[in-house]
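Colleague: Before we discuss this model, could you put the sequence and the structure up, so that we can go through the details residue by residue?

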Amino acid sequence: MLIKRFSWILAHRHLNDNGLQPRRDEENFDKLYKVRLLLSHLSKRYESIFRPGKCQEIEESMIQFKSCSSLKQYMPKTPIKRGYKVWMRCDEGGFECQFKIYSGKMKDVEKNLGETVAKSLCEKLYGKNHRLYIDNFFFFFSSYELSRFLEIQSVYCSGTVNLSRISLPKNLAEDKKMKRGEFDYHKL
């Protein structure tokens, strides 16, 4: 393909109408506006093609990206340090059932971001007795409030918990005496 042809296609191929894009100072501004239709279509297709099993997992992933972008994140303790952060709900076979791309914090400070993300990714599982496994490098998603909320919604949750989190049962500190390979559970 000639470079002029490629440049013309690149300049004129759009997934969304740029004339309707909200400005940065508007309330409904979306950094992913230009690809939002594609992302929505992919998400709907994933749901329509695949029926998820009983075991689901929420994971945080990075798509490696080295160029300039306001969406790019830096996570120093991960194998891919710079790129786009994506939260995913995956099936036990590894199929991605649902995803959300993190586009950065909004104007206000975001509280309980992990809990909010986990709730939005699990909405389609409510009332279906799924088992949800939450494993995260920074204990970002696991919380007592999230576990209680999911239990009410008939989604059974298992995850790594940081003992310094607020509102955890006090008897969890006894688990420090456990040996490698042992496990225990606490009914909330």
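Modeller: We can start with Arg-36, which is partly exposed, with a relative accessible area of 33%. Please keep in mind throughout that this is a predicted model.

Colleague: With which residue does Arg-36 form a salt bridge?

Modeller: The cut-off for such a contact is a side-chain nitrogen of Lys or Arg within 4 Å of a carboxyl oxygen of Asp or Glu. For Arg-36 the closest N and O atoms of the pair are 2.8 Å apart, and the arginine itself, at 33%, counts as partly exposed. The partner in this salt bridge is Asp-30.

Colleague: What is the overall pattern of helices and strands along the protein chain, and what share of its residues count as buried?

Modeller: The secondary structure of the protein chain comes to four helices and six strands. Read along the sequence, these elements follow the pattern α-α-β-β-β-β-α-β-α-β. Of the 188 residues of the chain, the share that count as buried is 28%.

Colleague: How many disulfides are found in the whole structure, and how far from Cys-157 is the nearest cysteine sulfur?

Modeller: A search of the whole structure finds zero disulfides. Cys-157 is in no disulfide, and because a disulfide requires a pair of cysteine sulfur atoms within 2.5 Å, the distance to its nearest cysteine sulfur, that of Cys-122, does not qualify. Cys-157 counts as partly exposed at 28% relative accessibility, whereas Cys-55 is buried, with a relative accessible area of 15%. The distance from Cys-157 to the sulfur of Cys-122 is 7.9 Å.

Colleague: Which residues gather in the patch of positive charge on the surface, and where does Lys-54 lie?

Modeller: The patch brings together Arg-51, Lys-54, Lys-128 and Arg-131. Lys-54 counts as partly exposed, because its relative accessibility is 40%. As for its place, Lys-54 lies in the loop between α2 (36-49) and β1 (55-64).

Colleague: What accessible area does the nonpolar patch on the surface have, and is Met-1 buried or exposed?

Modeller: Met-1 lies in the segment before α1 (3-12), and at 76% relative accessibility it counts as exposed. Together with Phe-6 and Leu-10, Met-1 forms the nonpolar patch, and the accessible area of these residues together is about 400 Å².

Colleague: In which loops are Asn-129 and Ser-154 placed?

Modeller: Asn-129 has a positive phi of about 60° although it is not a glycine, and with a relative accessible area of 40% it is partly exposed. Ser-154 likewise has a positive phi of about 60° without being a glycine, and its relative accessible area of 23% makes it partly exposed. The place of Asn-129 is the loop between α3 and β5 (130-134), and that of Ser-154 is the loop between α4 (144-152) and β6 (155-159).

Colleague: How far apart in space are Gly-94 and Glu-57?

Modeller: Gly-94 is placed in the loop between β3 (82-91) and β4 (96-101), and this glycine is exposed, with a relative accessible area of 55%. Gly-94 and Glu-57 are 37 residues apart in sequence, and in space their C-alpha to C-alpha distance is 9.0 Å.

Conventions. Residues numbered from 1 in each chain as written. Predicted model: local features only at pLDDT ≥ 70, side-chain atom pairs only at ≥ 80, totals over all residues. Heavy atoms only, no water. Patch = residues over 30% accessible without salt bridge, like charges linked within 9 Å, V, L, I, M, F, W, Y side chains within 5 Å. Areas by Shrake-Rupley, 256 points an atom, 1.4 Å probe, with all protein chains shown as cover. Lys, Arg positive; Asp, Glu negative; His and termini not counted. Charge placed at Lys NZ, Arg CZ, Asp CG, Glu CD. Helix = DSSP H or I, 4+ residues; strand = E, 2+ residues; numbered from the N terminus. Buried < 20%, exposed > 50% of the residue type's maximum accessible area, 1.4 Å probe, protein only.
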